[in-house]
Amino acid sequence: MIRMIFRNTILVGGTVLLLCAALFFGLDYTHTKEETHEALREEAIYAEPGLMQGGEEYLKALGNINRVTWIANGGEVLFDNVYSGPLNNQKNFPEVEAALKDGEGHVIRKSESGGENTMYYALLCDDGTVLRLSRPMASIASALKYLMPMIWVMVLALIISLVLAFRAAKQIVRPINEMNLDNLDHPPYAELAPLTQRIQEQNLTIREENLQQEKMRREFSANVSHELKTPLTSISGFAELMAQGIVPQEKVPEFASDIYRESQRLIALVEDIIRLSKLDENAEEPEWEDVDLMEVSADTVDGLRSTAEKRNIALVLEGEHVQVKGVFRLLSEMVYNLCDNAIKYNRDGGKVTIRTGKQDEVPFLEVADTGIGIAPEHVNRIFERFYRVDKSHSKELGGTGLGLSIVKHGAQFHGAQISVESEVGTGTTIRLMFTGNKEEKKA
């Protein structure tokens, strides 16, 4: 910040110095031009009567202070105190032309002899001839010499202002650097009050988010521990009974089947936890491809048909083929979890409808069931990890409690929006709208 203040001070000071110099040069040039024009005009007015009386001899007696040229009405040079030889016709020169027309004329141009800027003043005499006087304009060097004391004063003022600006910047910045970010009730400057207020609000938001994340972490740890402990306890109990020989021989296959079922439940839970962890951390870089939602849904229906038939639940696939840019395996898991949930929480003899298509040119996938439905107070929480609307009923149906969480993370990963419509006793409809730009997401 000190550097920025110092740099801006140099920029402002240098700009002011240049503007002042330009202004002084402009004023000096204007003053010199007016002064030269007035001097030549007065000299010409004084010389004109003498010329009319004394002719060329009078002009010779003037000396060589200024260049004097006497020009006939036709433009021929009658006399010039600088050139002794013949000169070109002067009638078309601007100052001569203006004098012949308006009585006088003046112009600034480079001299034919010296090549320096020269002011020419021409006066129409009583006999119709033109008397022209000229004087070189002051050069830039002479003007600079004239203005040098003032320029040195400005440079000195600039140096002093830079030193003072550097000290002022340090004094301004010091209280800001010494601010206590944990206590911003009294900012060092009133102008900083809006900034400190925003910092306090952000700190409060961060603390609340940290507390919320800590709470979620503890809940997740507790839920994971509970979910892991349940099948492990069952497996341990069954194995212990079998190891002690308490289980009759004819019951061993049944106990072994229970152990296998609980171990599969444990494996599914661990796989879901690992899957969610990877989604949270974006740990993998899967291959993106064009995925047909209709084909993915058809594969899912085939895989779940036997499960649905056990409860006489009809699986219906409707809609049209529509492609999205995404990760095939993750999209397949999302569709599977939505359909699996729709079957688990359906009624015997119910129906699950999977629809794919486009709405307003946006691809969508929808899973609707005729199940028990979800109460309004639970709708916004069904995508939380291990959240169950009816824990006793969910325990009977099995599952890890992470299926809809995977759906939520998969939707975020693919830039899709989730909407839920549900009515208790009627059923639930979950829709995924793939509104994200998958090509940009892949890049």
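Lys344 is buried, with a relative accessible area of 17%. Its salt-bridge partner is Asp340, which also counts as buried, at 14% relative accessibility. The model is predicted. It holds 14 salt bridges and one aromatic pair; selected contacts are grouped below.

- In the bridge between Asp340 and Lys344, the closest N and O atoms are 3.1 Å apart.
- Asp340 and Lys344 are four residues apart in helix H8, a separation of about one helical turn.
- Both residues fall under the 20% limit for buried, with Asp340 at 14% and Lys344 at 17%.

- Arg311 and Asp348 meet through their side chains in a salt bridge with an N to O distance of 2.8 Å.
- Arg311 lies in the loop between helix H7 (293–309) and strand S7 (314–319), and Asp348 in the loop between helix H8 (328–344) and strand S9 (351–359), so the pair ties together parts 37 residues apart in sequence.
- Arg311 is partly exposed, with a relative accessible area of 24%, whereas Asp348 is exposed at 59%.

**Salt bridge between strands, and its network**

- The side chains of Arg355 and Glu318 form a salt bridge at 3.1 Å, N to O.
- Because Arg355 lies in strand S9 and Glu318 in strand S7, this bridge joins parts that are 37 residues apart in sequence.
- Arg355 is partly exposed, with a relative accessible area of 28%, and Glu318 is partly exposed at 32%.
- A network of salt bridges links Glu318, Arg355, Glu366 and Arg431.

**Charges over rings**

- Arg431, a member of that network, lies over the face of Phe364, at 4.2 Å from the ring centre.
- Arg109 has its charged end over the ring of Tyr120, 4.1 Å from the centre of that ring.

**Aromatic pair**

- The structure's one aromatic pair consists of Trp288 and Phe413, with ring centres 5.4 Å apart and planes at 25°.
- The pair counts as stacked because its planes, at 25°, are under 30 degrees apart.
- Trp288 sits in the loop between helix H6 (252–281) and strand S6 (289–292), and Phe413 in helix H11 (residues 403–413).
- The two residues are 125 residues apart, and their pairing links distant parts of the chain.
- Trp288 and Phe413 are both buried.

Definitions and conventions
Residues are numbered from 1 along each chain as its sequence is written. This is a predicted model: local features need pLDDT of at least 70, side-chain atom pairs count only at pLDDT 80 or more; totals for chains, interfaces and linings use all residues. Side-chain values use heavy atoms; hydrogens and water are left out. Rings of Phe, Tyr and Trp (its six-membered ring) pair if their centres lie within 6.5 Å; planes under 30 degrees apart count as stacked, over 60 as edge-to-face and the rest as tilted. Buried means under 20% relative accessible area, exposed over 50%, partly exposed in between (1.4 Å probe, protein chains only). A charge sits over a ring if NZ of Lys or CZ of Arg is within 6 Å of the ring centre and within 35 degrees of the ring normal. A salt bridge is a side-chain nitrogen of Lys or Arg within 4 Å of a carboxyl oxygen of Asp or Glu.
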